[in-house]
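Keep the structure in view while reading.

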Amino acid sequence: MQKISRFLIGLIVVFAFFLGMPLEADADQAQPKKLAYLVSDLRIPFWEIMWRGARGKAKELGYDIAVYSAENDAKTEMQFTAQVIRDKVDGIIVSPTNSSACVTILKLAKAAGIPVVISDIGTDNGDYVSYISSDNRHGAYQLGRILTERMLELDWQDGRVGIISIPQKRANGKARTAGFMQALDEAGIKGAGLRQQMTFSYQETYDFAKELIEANADLRALWLQGSDRYQGALDAIANTGKAGEILLITFDAEPEFLDLIPQGILVGAGMQQPYLMGETAVKAMDEHINGTAVDKDMQLPILAVSTKNIELLMPVIKRNVLGLETGISN
Amino acid sequence: MERVFKSLYTIVSLVIVIVVMSVMAMHTAQMYATTKTSLQKEAQAHADVTLSTLQQSIAPFIESYAANEYAKLVRSHMALNAIDSIVVRDEALGAVLGIGGYESGFIRDASGSVQEFAHDNSLHQETLKRCFLLMSENLVSRQTGQKVGSIQICTSDRFINAKLNNLLFDSIISALLVSALLIFALFLTFFFIVLLPIRRLSVALQITDQYGIPQFIPSASGPVEISNVIKTLQNMVATIHQSHEQLSQAHKQLKHEHQRLEDEQARFNLAVQGSRDGLWDWNPQTNKVYFSDQWKRMLGYEPDEIGDALDEWSGRVHPDDFERTMGSVKAYLSGAADIYEDRHRILCKDGSWKWILDRGHALFDSDGTPVRMVGFHTDITEDILHQEELEIARNQAQHANQAKSEFLSSMSHELRTPLNAILGFAQLLEYDPKNPLVPTQRNAVDQILQGGDHMLQVINQVLDLAKIESGKVELEFTNVSVVDVLQDCLTLTQPIAHPRNIRIHVGTGFAAKHVLHTDKTRFKQSLLNLMSNAVKYNRDGGSVEIDATEVSGNLLRISVKDTGKGISEGHRQNLFKPFHRLDVENTDIEGTGIGLTITKQLVERMDGRIGVESEEGVGSIFWIELPISEFAPLPIEDAGHDISAKLPHASGIVLYVEDNPANKMLMEQVFATAGGARLITASTAEKGIEIAKEKRPDLILMDINLPRMSGREALDVLQSLPETKHIPVVALTANAMRHDVDDGLKAGFKHYLTKPIDLVEVINVINKFVS
């Protein structure tokens with residue numbers, strides 16, 4: 001009798017032990033996974049919109065996500081990287097200061113066993129889950145098409161197009177220029193030179209624009225690969241008396257482009273969709289964490305917005321490009 | 001196999017291969033060692049450069065937290081295969097990461113691939129431990145000067161070894177190729193320059209004839225040394241062929257000689273047997289002697305009765321002959337005598353003695369020691385007996401000859417002595433200017449002189465014949481002028497030809513150059529005999545022609561042709577026999593009949609010939625042939641016959657030693673007629689010596705045949721006395737033989753006058769010594 005009792009008691013204990021495990025799992029499952037978004041500089045609207053996209057998706061998928069802005073400082077970026085590794089996040093989404101720095105981040109994350117998704121900029125090498133980028137080439141190509149169509153409409157097919165670019169060392173820079181030039185070639189319109197921006201300041205933009213205008217009497221258009229100092233280009237056109245004679249088209253977008261494009265002040269703009277990129281990055285991470293295969297390379301289209309299609313694309317612009325009307329605030 | 005390794009080809013090939021391979025191996029090893037050292041130094045230098053470069057480049061990246069940038073830089077330097085790992089310790093990033101130093105870098109794995117360095121990788125740590133060269137430096141900020149990290153470079157010798165292995169492989173391949181080329185080149189060179197000529201020579205030398213003599217030697221080609229060898233071989237083969245030929249000839253000769261020797265041996269044996277001589281063969285060292293059977297039988301013994309000991313012979317030698325015989329043997333063996341020949345007596349078995357002619361010949365070794373002596377015994381007993389008989393006969397002949405000579409000498413002397421008086425007084429009568437002769441007296445004196453001369457000629461001829469027959473004629477060969485002798489003979493012949501009106505003609509064949517190598521006196525005698533016969537046996541009013549002709553054999557033929565009655569064939573056969581005169585019964589021509597006999601014998605003694613041709617009723621030609629001399633004749637001393645010569649008017653004294661009263665009287669008359677010197681006479685030699693000692697004459701005329709002491713003995717005495725030895729002594733004697741004259745002159749006579757004297761000659765001789 002006593003033996004039976006002891007047996008029953010032991011059985012109950014064992015049963016309870018095993019019952020406890022699911023409890024632990026449940027307990028674990030009750031804690032959301034943590035993600036970290038390492039970004040080069042949140043002060044730049046592009047990255048800020050991307051952050052809101054990532055945050056929104058993370059929240060939707062039940063992740064905790066924190067943002068670490070390096071403010072374009074390599075050391076800070078490393079410090080944040082070390083920190084998130086120490087915090088043992090479940091995943092890192094990174095928009096590095098540069099592709100070289102990304103290598104170190106990937107290396108450290110790999111050593112810590114933390115998966116990484118890269119959102120824009122890219123990396124020179126290293127292991128990552130997925131790389132989310134804009135299709136800069138195709139986007140620039142479409143942008144070039146918009147410009148060349150407009151120039152043809154204006155019978156400016158003999159005119160030239162000057163380019164004020166982002167550093168061509170960057171992969172996105174090369175891609176944009178290649179796509180754009182393809183469109184020019186197809187239209188038979190010649191380029192008028194390229195100026196690479198270093199400081200991305202207004203003055204720099206103004207000076208480059210003025211140089212190109214003065215150097216090329218047949219200049220009919222300027223393409224600004226970066227968008228935030230578009231005013232410098234416009235001022236240069238105006239100050240050189242070329243207002244109305246030289247078109248301006250940009251890559252990337254500012255909120256005011258929603259007005260400038262319909263007005264024709266800007267021929268068009270190639271708009272990345274940072275918000276969508278953020279969302280896509282988190283989604284890829286989630287899929288990876290859940291064991292789903294993820295595309296190594298995801299290129300999101302760039303919206304080639306012109307006067308003709310801005311209205312049509314407005315909702316998408318507002319959401320994916322500007323991160324507006326998403327219900328997700330800063 | 002052994003033959004293979006003895007082949008020159010194999011040896012040369014092996015040597016070339018071994019040498020070349022050894023040289024290349026040493027070269028490769030040396031190059032390997034040198035290259036390794038060089039590579040190590042190069043790696044060291046590269047590491048130094050890399051470290052220095054990275055040291056300057058990485059710090060800024062560290063400061064800007066661009067780990068990937070310095071990683072790329074480091075990765076780029078890893079391209080230098082000499083560097084095995086570069087590890088950077090980033091203290092800045094390490095500080096950020098809270099790990100002290102962030103180590104990153106690259107390392108080469110075992111396969112040489114570059115991979116990222118992991119500090120916790122044990123293999124990576126092992127690699128670092130095996131570093132050949134581990135260099136590290138601090139990374140210092142240029143701005144702050146603070147250390148921001150460090151860099152470590154590891155260089156292993158893997159690259160060096162890999163490179164060396166490659167190099168070794170390449171070197172081995174190159175060395176093998178070069179070796180192959182060298183071996184090929186050397187072998188080809190050696191083949192064509194040395195081996196091929198030697199092979200050709202070797203093949204050629206194997207082509208031999210039945211005697212193994214090479215038949216063909218290739219032409220000399222190739223290097224000088226091989227060419228010289230080939231030329232030497234050619235000469236050698238030629239010499240061998242020649243020697244072989246000579247050997248063959250020599251073999252044939254030897255065979256022939258052997259056959260000849262066998263024949264000689266057989267002949268010798270037969271000869272020995274036939275000669276009945278005994279052979280002996282003595283070994284001086286063992287003293288054993290081989291005696292032939294004949295040797296033994298010669299002494300009456302059977303072959304087995306005599307052994308081989310030396311005393312079988314020496315013990316039988318006659319005691320009287322023993323010492324001399326042994327002396328002869330010793331003398332020959334010692335070299336004192338050139339030959340061994342001895343005659344001695346040997347005891348025969350029957351007790352008799354045989355005379356043996358013992359002759360032998362010895363063989364000597366290099367030290368001069370006799371090792372063998374072989375000889376013959378010849379029985380000369382009969383020869384000895386004959387010899388003794390001959391000796392007796394010879395002695396008898398000598399005695400007879402001596403008696404004959406003495407008779408002749410005595411006869412000559414006995415005849416000459418009275419003839420001296422006859423002719424001497426006749427000459428005095430003829431030459432006495434104080435008492436000139438009337439014609440009838442003169443005629444009578446002439447007859448006396450002619451008769452006396454004739455008698456003297458007969459005496460001389462008889463003596464000449466005797467001398468010739470006894471072989472005592474001595475000829476004195478000189479170069480004689482033919483013309484001079486002819487002139488003398490003409491002078492002597494004219495007086496007998498003129499009264500009968502016989503003309504003597506001398507032909508043109510005579511020349512002054514004709515000189516004969518002959519005895520002048522006997523040549524003159526011979527020619528005079530022919531010429532006088534040609535006159536004597538001529539007809540009145542006839543002629544005599546004398547001519548000379550050179551004939552073959554370097555002879556001069558002098559012919560004397562007369563116009564006499566000629567000589568019949570039958571008489572010609574006896575012409576030259578003594579005492580045979582032609583038609584002696586029907587002629588009144590005087591003669592002894594021995595003139596031609598003497599002439600023939602004299603001419604033949606003078607190496608000449610004599611002959612006659614005759615035709616009855618026409619005449620005869622007598623000729624003699626004598627050898628012509630190539631030299632000129634000796635000058636003839638003019639004896640001078642001044643009949644009116646007188647003794648000088650000096651106070652000289654002449655001593656005449658003469659035992660014959662007539663001769664003494666004659667000389668007194670001569671001195672009385674001639675006048676001048678004073679004549680003292682002595683009848684004996686002893687008296688003459690006394691007078692000579694007392695009177696000290698200026699000249700002594702000495703007869704030789706004197707009673708008791710002879711003139712020769714007196715001469716010796718006079719020459720030995722101090723008071724007389726300076727006095728010249730002249731012989732005046734009837735001993736007129738040639739040897740008498742020679743002996744006299746040798747004895748010391750200053751001159752030799754023979755009887756019968758010629759007054760003129762005597763006076764001239766006296767004048768010569770007294771003046």
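Angles between elements are taken between N-to-C directions and run from 0 to 180 degrees, with axes fitted as lines to C-alpha atoms. On that scale, helix α10 (residues 319-334) of chain B runs at about 150 degrees to β8(B). The model is predicted, with an ipTM of 0.75 and a pTM of 0.45.

**Confidence**

- Chain A has a mean pLDDT of 88, and 89% of its residues reach 70 or more.
- In chain A, residues 16-28 stay under 50 in pLDDT, and the model gives this stretch zero contacts beyond four places in sequence.
- For chain B the average pLDDT is 86, with 93% of the residues scoring at least 70.
- Residues 636-650 of chain B have a pLDDT below 50, yet the model shows 29 contacts for this stretch beyond near neighbours in sequence.
- Where pLDDT is low, the predicted coordinates should not be read in detail.

**Contact between the chains**

- Ten residues of chain A are in contact with ten residues of chain B.
- On the side of chain A that touches chain B, α3 (74-86) and α4 of chain A each supply at least two residues.
- The largest share of that side, five residues, comes from α3(A).
- By class, the residues on the side of chain A that touches chain B are five nonpolar, three polar and two charged.

**One helix pair across the chains**

- Two packed helices are described by the angle between their axes and the distance between the axes.
- Helix α4 (residues 99-112) of chain A and helix α3 (residues 67-77) of chain B have axes that come within 7 Å and cross at roughly 90 degrees.
- Angles of 65 to 115 degrees count as roughly perpendicular, so α4(A) is roughly perpendicular to α3(B).
- From α4(A), the residues Ser100(A), Ala101(A), Val103(A) and Thr104(A) meet Ala67(B), Asn68(B) and Glu69(B) of α3(B).
- This contact of α4(A) with α3(B) is made of three nonpolar, three polar and one charged residues.

**Six-stranded sheet in chain A**

- Chain A has an open sheet of six strands with parallel pairing, in the order β2-β1-β3-β4-β5-β11.
- Its edge strands are β2 (64-69) and β11 (297-300) of chain A, each pairing on one side only.
- Direction ignored, neighbouring strands of this sheet are turned by 15 degrees against each other on average.
- Strand β4 (residues 116-119) and strand β5 (residues 130-134) of chain A run parallel and are joined by three bridges; Val117(A) stands opposite Ser130(A) in β5(A).
- Helix α3(A) lies across β1 (34-39), β2 and β3 (91-95) of chain A, at about 175 degrees to β1(A).
- Helix α4(A) lies across β1, β3 and β4 of chain A, at about 160 degrees to β4(A).

**Five-stranded sheet in chain B**

- Chain B has an open sheet of five strands with antiparallel pairing, ordered β7-β6-β10-β9-β8.
- At its edges stand β7 (288-291) and β8 (340-347) of chain B; each has a single partner strand, so one side of each is left without a neighbour in the sheet.
- Strand β9 (residues 353-364) of chain B pairs with β8(B) over eight bridges in the antiparallel sense.
- Glu341(B) has Arg359(B) in β9(B) as its bridge partner.

- Strands β18 (residues 653-657) and β19 (residues 678-682) of chain B run parallel, with five bridges between them.
- Within this pair, Val654(B) stands opposite Leu679(B) in β19(B).
- Together with helix α17 (residues 661-674) of chain B, β18(B) and β19(B) make a right-handed β-α-β unit.

**Local backbone features**

- Lys755(B) and Pro756(B) are joined by a cis peptide bond, with omega at about 5 degrees.
- Pro756(B) lies in the loop between β22 (751-754) and α21 (759-770) of chain B.
- Asn72(A) has phi near 60 degrees, a positive value in a residue other than glycine.
- The loop between β2 and α3 of chain A holds Asn72(A).

Key. Residues are numbered from 1 along each chain as its sequence is written. Chains are lettered from A and ligands numbered from 1 in the order in which they are written. This is a predicted model: local features need pLDDT of at least 70, side-chain atom pairs count only at pLDDT 80 or more; totals for chains, interfaces and linings use all residues. Helices (H or I, at least four residues) and strands (E, at least two) are DSSP runs, numbered from the N terminus. Angles under 35 degrees count as roughly parallel, over 145 as roughly antiparallel, 65 to 115 as roughly perpendicular and the rest as oblique. Two residues are in contact if their C-beta atoms, placed from the backbone, lie within 7 Å. Ala, Val, Leu, Ile, Met, Phe, Trp, Tyr, Cys and Pro count as nonpolar, Asp, Glu, Lys and Arg as charged, and the others, Gly among them, as polar. Two strands pair if DSSP finds at least two bridges between them. A crossover is right-handed if, with the strands pointing away from the viewer, the path from the first strand over the helix to the second runs clockwise. pLDDT is the predictor's confidence in each residue, from 0 to 100.
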